[in-house]
Amino acid sequence: MFGYEGGEPKALLTAMIAERTAARARWPFLTSLDLSSIHNESQLATMVKDRTGGSATHANHEVHDWVDGYESRVAIATSVSPASIAR
């Protein structure tokens, strides 16, 4: 998701970096280090839950809604199918 595996196309890396900015705007408590360690929706939801002290259900719902938009934005920015973007 935000962490890089290596070998990603430049357009995908650019889109992922832009999404880090969007994620930090949504969840200002996330650090650059946090974002570099998040590879999927579940990890993001866990971090949001832990940092906000909210319920897992609320964090999962909030993150799921955001991730749906993430996939669309990255797909548009890279001309890649949303299905090929790993959650």
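Predicted model: local features only at pLDDT ≥ 70, side-chain atom pairs only at ≥ 80, totals over all residues.

Trainee: How many helices and strands does the protein chain have?

Mentor: The protein chain contains 4 helices and 0 strands. Followed along the sequence, its pattern reads α-α-α-α.

Trainee: What percentage of the residues counts as buried?

Mentor: Of the 87 residues in the protein chain, 34% count as buried.

Trainee: How are two packed helices described?

Mentor: Two packed helices are described by the angle between their axes and by the distance between those axes. Let us apply this to α1 and α4, which pack at an angle of about 150 degrees with their axes 10 Å apart. An angle over 145 degrees counts as roughly antiparallel, and α1 and α4 are therefore roughly antiparallel to each other. The crossing of α1 past α4 is right-handed.

Trainee: Which residues make the contact between α1 and α4?

Mentor: On the α1 side they are A11, L12, A15, M16, E19, A22, A23 and R26, and on the α4 side E62, W66, Y70, R73, V74, A77 and T78. Sorted by class, the residues of this contact are 10 nonpolar, 1 polar and 4 charged.

Trainee: At what angle do helices α3 and α4 cross?

Mentor: Helix α3 covers residues 41-52 and helix α4 covers residues 56-78; their axes come within 8 Å and cross at roughly 130 degrees. That angle makes α3 oblique to α4. The crossing of α3 and α4 is right-handed. From α3, the contact uses E41, L44, A45, V48 and K49, while α4 supplies A56, A59, N60, E62, V63, H64, W66 and V67. The classes here are 8 nonpolar, 2 polar and 3 charged residues.

Trainee: Which residues have the most contacts inside the largest nonpolar core?

Mentor: They are F2, W27, L44, V63 and W66, in a core of 18 residues. The elements giving two or more residues to this core are α1 (10-26), α3 and α4. The most comes from α4, with 6 residues.

Trainee: Which residues does W66 touch, leaving aside those up to four places away in sequence?

Mentor: With those neighbours left out, W66 touches F2, E19, A22, A23, R26, W27, L44 and R73. W66 also belongs to the α4 side in the contact with α1 and in the contact with α3.

Trainee: Is D34 buried or exposed?

Mentor: Residues under 20% relative accessible area are termed buried. D34 has 9% relative accessibility, so it counts as buried. D34 is found in helix α2, residues 32-37. Not counting residues up to four places away in sequence, D34 touches F29, M47 and R51.

Trainee: Where does A75 lie?

Mentor: A75 lies in helix α4, and it is buried, with a relative accessible area of 9%. A75 and A15 are 60 residues apart in sequence, yet 8.7 Å apart in space, C-alpha to C-alpha. A15 is one of the α1 residues in the contact with α4.

Technical notes: Residues numbered from 1 in each chain as written. Heavy atoms only, no water. Axes fitted to C-alpha atoms, helices over the stretch in contact; angles between N-to-C directions. Parallel < 35°, antiparallel > 145°, perpendicular 65-115°, else oblique. Left-handed = near helix turned anticlockwise from the far one by under 90°. Contact = heavy atoms within 4.5 Å. Nonpolar A, V, L, I, M, F, W, Y, C, P; charged D, E, K, R; others polar. Core = buried A, V, L, I, M, F, W, Y, C linked by side-chain atoms within 4.5 Å. Buried < 20%, exposed > 50% of the residue type's maximum accessible area, 1.4 Å probe, protein only.
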